[in-house]
Amino acid sequence: MCKRLVSYVLGIETSCDDTGIAIVDTEGRVHGNVLESQQKFHTRYGGIIPPRAQDLHRARIDDAFERCLAASQLQPEQLEAIAVTTRPGLPLSLLIGLRYARHLARRYHKPLLPVHHMEAHALQARMEHRESIAFPYLCLLISGGHSQLAVVHAPGKLQLLGETLDDAPGEAFDKIARRLRLYILPQYRHCNGGQAIEHAAQIAGNPDAFEFPLPLAQQRNCNFSFAGIKNNSFRAIRAQERAERTPPDGIISNYADFCAGLLRAVSRHLMHRTQRALEFCLQEQNNVNLFGNATPTLVVSGGVANNDVIFANMQHLAAQYNCRCLRPSKRYCSDNGVMIAWHGIEQLLQNRVANLRFDIDNIDIAGSASFHESSMSNVLEASIKCKWVQPLCTQTNYNNTHYEQTA
């Protein structure tokens with residue numbers, strides 16, 4: 001029996017504010033992984049400043065590559081290719097990654113593998129669960145800049161079922177946490193908004209103290225909207241501050257209750273839209289559903305997939321449909337070089353000859369990018385009614401199943 005040759009791919013990620021460099025092989029082994037986060041810098045200013053993000057990428061990327069190479073104990077000549085994020089993302093940040101990838105490609109005579117950032121998130125779980133996650137599967141992509149539902153058929157072949165109409169969940173968490181002033185509390189000073197809200201919710205005494213709207217309740221599609229939850233949050237915080245006469249540098253007394261209610265509201269919205277996507281995928285047409293012969297699987301990926309409350313709710317939802325629910329390891333949910341390298345591996349395994357790019361100067365970046373196919377109109381046309389699965393109670397029994405009114 002012939003032993004399969006192992007190939008190594010270098011991954012470069014600079015789509016936003018994280019500089020990630022990693023080396024992964026065709027067996028899914030990570031040989032080197034360096035991640036330089038800019039979170040502490042940008043947190044001080046309440047958001048990412050693209051020119052400064054670019055400067056920090058430029059200052060750190062070469063050192064990150066050298067450290068990754070040293071950790072891997074490989075030589076550049078052993079690399080099969082260089083995978084690099086080219087879309088979507090902050091154009092100024094993407095440019096740094098692509099230019100550095102071109103530099104390495106010329107220096108070591110290696111081809112490039114352009115990578116769609118959100119596709120990389122969608123495929124990442126397969127690196128750790130390759131035998132159990134077969135194509136096709138449903139993926140919920142939730143991060144600071146995106147909220148999408150897509151059926152993943154192969155690298156470069158994602159079928160979009162729904163997307164956010166305004167804010168992304170991570171973006172909403174960041175803005176709400178800043179308005180709530182969680183950053184003034186020492187324990188949350190260096191956390192992003194989602195982390196701070198999740199941790200604060202754990203000490204809630206009355207998770208039902210605040211009410212939140214259910215977005216898009218009358219629309220039978222798989223789209224998302226977090227602007228209503230965000231604006232309602234701002235109003236509720238302002239009302240509570242007035243009632244308590246909170247000083248400008250203070251925080252409302254029941255901030256933990258607010259965070260618990262917010263987390264439940266976001267979970268409920270994500271569950272409702274994902275539930276309709278599951279039912280769309282499972283409905284049979286000519287005795288075949290969208291999962292085909294594959295075991296029905298839901299993958300949750302992106303930075304917000306790190307949130308244990310949200311992921312527990314997604315597992316709870318999937319279980320009602322006899323569907324598995326998986327996510328990448330937490331260290332790989334947020335932006336990183338490993339997922340870019342793994343996407344490159346998936347491209348090699350799919351079609352090595354067709355996907356390797358030697359015309360490196362013809363590869364360009366794109367701030368926005370869609371998927372291969374959209375079935376959003378088909379979802380709307382199907383007009384699927386659902387018997388909603390309720391979110392789990394954050395502080396009680398996680399084994400009970402609750403249902404809301406059909407809509």
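Author: Let's start with charges, and a definition. Lys and Arg count as positive and Asp and Glu as negative, while His and the chain ends are not counted. On that basis the protein chain has 41 positive and 38 negative charges. Keep in mind that this is a predicted model.

Reader: How far apart are the mean positions of the positive and negative charges?

Author: They are 2 Å apart.

Reader: OK, overall form. What's the radius of gyration?

Author: The protein chain has 22 Å. Along the principal axes, the C-alpha trace spans about 65 × 60 × 35 Å.

Reader: How much of the chain is buried?

Author: Buried residues account for 56% of the 407. The accessible surface is about 17600 Å². Carbon and sulfur atoms hold 47% of that surface.

Reader: And what share of the contacts joins residues at least 24 apart?

Author: It's 73%, counted among contacts between residues at least 6 apart in sequence.

Reader: Switching to secondary structure. How many helices and strands?

Author: The protein chain has 12 helices and 13 strands. Six strands form an open sheet with mixed pairing, in the order S10-S9-S6-S7-S8-S11.

Reader: Which strands are at the edges?

Author: Strand S10 (324–326) and strand S11 (373–374). Each pairs on one side only.

Reader: What about S7 and S8, parallel or antiparallel?

Author: Antiparallel, over six bridges. S7 covers residues 147–154 and S8 covers residues 157–163. Val151 stands opposite Gln159 in S8.

Reader: Now the helices. How covered is H6?

Author: Mostly: seven of its nine residues are buried. Among them are Gly193, Gly194, Ala196 and Ile197. Glu198 is on the buried list too.

Reader: What do the buried residues of H6 pack against?

Author: Three helices: H5, helix H8 (255–282) and helix H9 (308–319).

Reader: And the loop between H5 and H6, which residue is found there?

Author: Arg181 is found there, between helix H5 (169–180) and helix H6 (193–201).

Reader: Is Arg181 buried or exposed, and why?

Author: Buried. Its relative accessibility is 14%, and buried means under 20%.

Reader: What is Arg181 in contact with?

Author: Leaving aside neighbours within four places in sequence, Arg181 is in contact with Glu241, Thr246, Pro247, Pro248, Gly250 and Ile251.

Methods: Residues numbered from 1 in each chain as written. Predicted model: local features only at pLDDT ≥ 70, side-chain atom pairs only at ≥ 80, totals over all residues. Heavy atoms only, no water. Helix = DSSP H or I, 4+ residues; strand = E, 2+ residues; numbered from the N terminus. Rg over C-alpha atoms; globule rule 2.2 N^0.38 Å. Buried < 20%, exposed > 50% of the residue type's maximum accessible area, 1.4 Å probe, protein only. Contact = heavy atoms within 4.5 Å. Areas by Shrake-Rupley, 256 points an atom, 1.4 Å probe, with all protein chains shown as cover. Charge placed at Lys NZ, Arg CZ, Asp CG, Glu CD. Pairing = 2+ DSSP bridges.
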